[in-house]
Structures are given as C-alpha cells and as structure tokens.
Amino acid sequence: MPKLRTAWSKLRWSLAQRGVSGTLRIALQRARRRPDQTQETKPQPHPFHPFDERYGVDTGGLIGGGELRSGHRHDVFNTAYYGMAPSRFLWVMEQWLADGTHAVVGDYSFIDLGCGKGRAVMMASEFGFRQVVGMELNAGLAKIAERNVAVWRAAGRAVCPVRILCGDATEFVFPDGACLLYLFNPFAAPVMKRLIDRIEEDFCGRPDMLDLIYFNPEAGDVLDAHAGFTLLWTGTVAMSQEDAAVDLVASPEDVCSVYRWTGR
C-alpha cells in the first residue's frame with residue numbers, strides 16, 4: 001500500500017505539472033529505456049554541501065515534488081525541495097539592503113513561504129530583521145527546519161526572533177508592518193494566484209510595504225500581469241566556486257526577480 005500511495009501521488013503531481021500529454025511522454029520515454037540505460041541515468045547522490053558541514057545542519061538533497069506528500073490539496077503544485085545556493089542568496093540580499101527606496105531592515109519581517117529545511121531562513125536571521133518566519137507545507141521538512149534553526153540559534157548566529165510554521169502558504173497571515181517575502185520557486189501558478197489573493201487582502205491600504213524576492217520565477221508571469229506589483233529588478237546571479245562545485249541543479253541562466261507591492 002505505501003508503494004501504491006507513492007505511485008498515485010507521483011501520478012497526480014505529474015498530471016498537475018505536465019498535463020496528460022507530458023505525463024504520457026515521460027512514461028513512454030522511461031518504458032523504452034533499456035536496463036543498461038536505466039542504470040546509467042540513475043540519479044547520483046547529491047554532495048554534502050559545505051554549508052551543512054560548516055554549521056552542523058541538514059539542508060542538502062533534492063526531493064522531487066511528487067515525493068513531497070502532506071495530504072493537502074496543494075501537494076500537486078509543489079515543485080521540489082532544493083536548498084538555495086548561499087552565495088546567490090547573500091548577493092541578492094546585499095543588493096536589496098543597498099536599495100535606499102525602502103525602510104530600514106529592522107522594520108521588516110522576512111517571510112520564506114515554502115522554506116523547506118530552512119537554509120534561507122537561517123541566513124536571513126543574520127541580517128537584523130524584525131523577525132524571520134519560515135512556512136513549509138510538508139511536516140517532515142518543517143521538523144528538519146525547526147531542528148536546524150535550533151542549532152543555528154544555539155550557535156548564536158540568529159540576531160532576531162526566528163520561527164518555523166507548518167502550513168499552507170495561501171493561509172499565511174502576514175504580520176503588521178513592512179514585509180520582505182522570499183520565494184525559491186516553491187509552487188506552481190495556481191498556488192501563486194491564491195497567494196496573491198492573500199496579499200491583496202493583507203496589504204490592502206499598505207502600498208510599498210511588501211517586497212518580494214523570487215528565485216527561479218516560473219510563475220512570474222502571474223505577478224507581471226498583476227497591476228498591484230511593480231518589477232524592480234530581474235537578472236541572473238552568479239554562484240561562488242564553493243557552491244558551483246556541489247550544486248547539481250542550478251544553472252547559470254537561473255533568474256531572480258524582485259517585485260514591490262504598490263497596490264495599484
């Protein structure tokens with residue numbers, strides 16, 4: 001039964017992400033592989049990231065969206081879990097901090113929706129935000145994030161309050177005051193549209209009080225088409241040699257976009 005539930009979960013995920021034709025195409029490709037080809041293309045273990053070794057945490061690995069089962073109706077819109085390259089995150093954060101068009105960092109709550117194992121949450125906690133909040137739909141990942149944050153906090157690295165929540169991003173209630181929302185391509189466009197509905201509700205009458213950093217913005221067209229968001233910057237972000245040596249997923253063409261809620 002567990003194998004059947006896993007297969008059904010992966011099928012539902014594939015249908016939601018790829019459609020019927022895409023799912024059939026992938027299934028046919030796999031069925032046509034010879035045994036030796038299947039062995040050759042078996043995914044290799046991901047290297048242990050220096051970030052984890054350096055700080056004694058667990059943020060590594062790649063988990064496909066079909067494996068991230070929580071029982072929630074939004075499971076089919078999960079993309080995958082993969083930790084953000086620290087050098088990319090830190091570069092974008094430094095650029096955002098250098099932008100003089102927003103309030104000081106201490107006035108902002110940093111919100112990571114789809115925080116996974118909490119790598120970005122931990123790094124953000126070193127910047128002096130009013131608070132840092134990570135929310136993750138998958139309970140297993142959320143528990144790992146909680147353990148990681150506990151290690152991070154015990155080492156004295158967090159300079160502001162940090163908490164991890166387990167739940168659906170579209171049900172998150174944004175705190176009062178300014179917020180910096182961070183997304184590392186956690187979910188597909190249908191969930192993004194519902195998240196925008198939540199933003200419209202929570203930030204009604206609060207123009208310029210929400211900035212959004214969106215890595216790998218696969219649902220960016222939803223934001224681009226919405227009159228309430230203004231695109232501040234978009235482009236590629238280089239990785240350090242350390243990150244590039246162990247990152248088997250990221251590409252030099254990966255894009256990051258930064259938006260501001262203007263409420264128009």
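This is a predicted model: local features need pLDDT of at least 70, side-chain atom pairs count only at pLDDT 80 or more; totals for chains, interfaces and linings use all residues.
Local features need pLDDT of at least 70 and side-chain atom pairs count only at pLDDT 80 or more, while totals for chains, interfaces and linings use all residues. Residues are numbered from 1 along each chain as its sequence is written, and side-chain values use heavy atoms, with hydrogens and water left out.

**View 1. Salt bridge between R54 and E242.** A salt bridge is a side-chain nitrogen of Lys or Arg within 4 Å of a carboxyl oxygen of Asp or Glu, and a search of the whole structure finds nine of them. In the pair R54 and E242, the closest N and O atoms lie 2.7 Å apart. This pair links distant parts of the chain, 188 residues apart, with R54 in helix α3 (residues 50-55) and E242 in helix α9 (residues 241-246); helices are DSSP runs of H or I with at least four residues, strands are runs of E with at least two, and both are numbered from the N terminus.

**View 2. Salt bridge between E126 and R157.** The closest N and O atoms of E126 and R157 are 2.7 Å apart. E126 lies in the loop between α5 (119-124) and β4 (131-136), and R157 in the loop between α6 (139-154) and β5 (162-166), 31 residues apart.

**View 3. Salt bridge between R198 and E201 within helix α7.** The side chains of R198 and E201 meet at 4.0 Å, N to O, and the two residues, three apart in helix α7 (residues 189-202), are separated by about one helical turn. R198 counts as buried at 17% relative accessibility, whereas E201 counts as exposed at 56% (buried is under 20% relative accessible area, exposed over 50%, partly exposed in between, with a 1.4 Å probe and protein chains only).
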